[in-house]
Amino acid sequence: MTVAAFPTPADLEITPRDRRFGRGAPTPRLWHGGRVEATAIYNALSTTFPAGEAFFVDSVRAFRAGAPPKLAEEIKAFTTQEAIHSREHDAFNRRAADAGYDLARLEQRVNERLAIARSRPKIASLAATMALEHFTAILAHQLLADPRHLAGADRDAADLWRWHAAEEIEHKGVAYDTWLHATRDWSRWKRWKVKAQVMLIMTEHFLVDRTAGALDLMRQDGVAGLRAWTALLTYLWVRPGMFRKIAGAWFKFFLPRFHPWNEDDRQLLRDYEASAPAAEAGKRKVRHAA
Ligand SMILES: [Fe+2]
Ligand SMILES: [Fe+2]
């Protein structure tokens with residue numbers, strides 16, 4: 001089958017914002033409002049980004065040749081955005097290490113998962129990326145939509161997370177459109193079956209690995225056992241309840257006519273731009289990595 005058009009908005013512009021965060025002063029160890037579990041889950045997430053987003057870029061770029069011109073351009077902008085995200089989270093992770101955290105076990109887990117993924121066919125890597133980009137986009141949406149998620153956080157750190165979230169929303173359709181293009185000759189059933197299976201596997205890995213990573217970091221702050229589990233699960237699932245709040249958007253992925261841009265949440269981007277630090281500087285053109 002062929003895809004006539006992608007539901008990605010025709011006037012969407014993916015604009016890499018080459019910003020740097022937190023270079024001036026050390027980040028406090030418990031940068032998220034002094035809270036062990038909040039700091040731990042965001043640090044655990046950040047640990048995945050430098051290597052994980054490099055994998056996303058490789059997976060998508062492998063299918064750029066032969067893509068329609070608009071999609072090829074979007075892949076280029078996606079690549080630039082993700083490369084800058086990797087750089088900023090690498091710097092953020094180094095500051096967490098400077099504050100005394102040992103991230104080695106968390107990074108090792110990410111590298112193990114990625115080594116397996118890289119040993120599989122390129123279309124499987126693209127499917128994994130497409131699923132994880134949906135995950136990232138719905139987390140990003142929630143992060144920007146509800147200020148409670150970053151309430152009390154260190155300013156530079158919160159700025160980094162909001163900037164990353166905005167760009168994840170902006171490029172949320174790229175991996176998906178690349179997937180639609182790469183599988184244009186597949187039957188609808190085969191496409192759905194593969195994407196549903198991959199999403200279920202990625203979700204399990206995500207929940208298990210990030211929970212284990214956060215508990216590891218909490219242990220390094222002296223919080224362990226039942227106390228740690230209770231604090232972390234309450235934070236993720238009850239209050240502010242990020243994982244509970246993205247459950248509906250996660251489920252939509254399995255609907256037959258799903259596309260990330262079925263929900264046009266560009267108002268969050270406009271709100272971000274209106275309130276972001278150095279918003280003007282971010283509008284300047286940046287070198288494209290692709
Ligand atoms: Fe990213
Ligand atoms: Fe992304």
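Ring pairs join Trp31, Tyr42, Phe49, Phe92 and Trp161 into a cluster. The structure discussed here is a predicted model, and across it the count of aromatic pairs comes to 17. Such a pair of aromatic rings is described by two quantities, the distance of the centres and the angle of the planes. Another ring, that of Trp261, has charged side chains over its face: Lys172 lies at 4.4 Å from the ring centre, and Arg266 lies over the face of Trp261 at 6.0 Å from the ring centre.

We turn next to the metals. The iron ion (ligand 1) is coordinated by both OE atoms listed for Glu53, by OE of Glu82, ND1 of His85, NE2 of His164 and OE of Glu168, at 2.0 to 2.6 Å. Along the chain, the donors of this iron ion (ligand 1) follow the spacing E-x28-E-x2-H-x78-H-x3-E. The arrangement of its six donor atoms is irregular, because they subtend angles of 54 to 167 degrees around the iron ion (ligand 1). For reference, six octahedral donors would ideally give angles of 90 or 180 degrees at a metal. Glu82 bridges the iron ion (ligand 1) and the iron ion (ligand 2), and the two ions lie 3.8 Å apart. His85 belongs to helix α2 (residues 69-98) and Glu168 to helix α5, so this pair ties together parts that are 83 residues apart in sequence. With a relative accessible area of 0%, His85 is buried.

Distant parts of the chain are linked by the pair Glu133, in helix α4 (residues 122-145), and Glu168, in helix α5 (residues 155-170), which are 35 residues apart. Glu133 counts as buried because its relative accessibility is 1%, and Glu168 likewise counts as buried, at 1% relative accessibility.

Note on methods
Residues are numbered from 1 along each chain as its sequence is written. Chains are lettered from A and ligands numbered from 1 in the order in which they are written. This is a predicted model: local features need pLDDT of at least 70, side-chain atom pairs count only at pLDDT 80 or more; totals for chains, interfaces and linings use all residues. Side-chain values use heavy atoms; hydrogens and water are left out. Rings of Phe, Tyr and Trp (its six-membered ring) pair if their centres lie within 6.5 Å; planes under 30 degrees apart count as stacked, over 60 as edge-to-face and the rest as tilted. A charge sits over a ring if NZ of Lys or CZ of Arg is within 6 Å of the ring centre and within 35 degrees of the ring normal. Helices (H or I, at least four residues) and strands (E, at least two) are DSSP runs, numbered from the N terminus. Buried means under 20% relative accessible area, exposed over 50%, partly exposed in between (1.4 Å probe, protein chains only). Donors are N, O and S atoms within 2.8 Å of the metal (3.2 Å for Na, K and Ca); water is not among the atoms, so sites may look incomplete. Four donors count as tetrahedral if all angles lie between 85 and 135 degrees; four count as square planar and six as octahedral if opposite donors are over 155 degrees apart and all others between 65 and 115; anything else is irregular.
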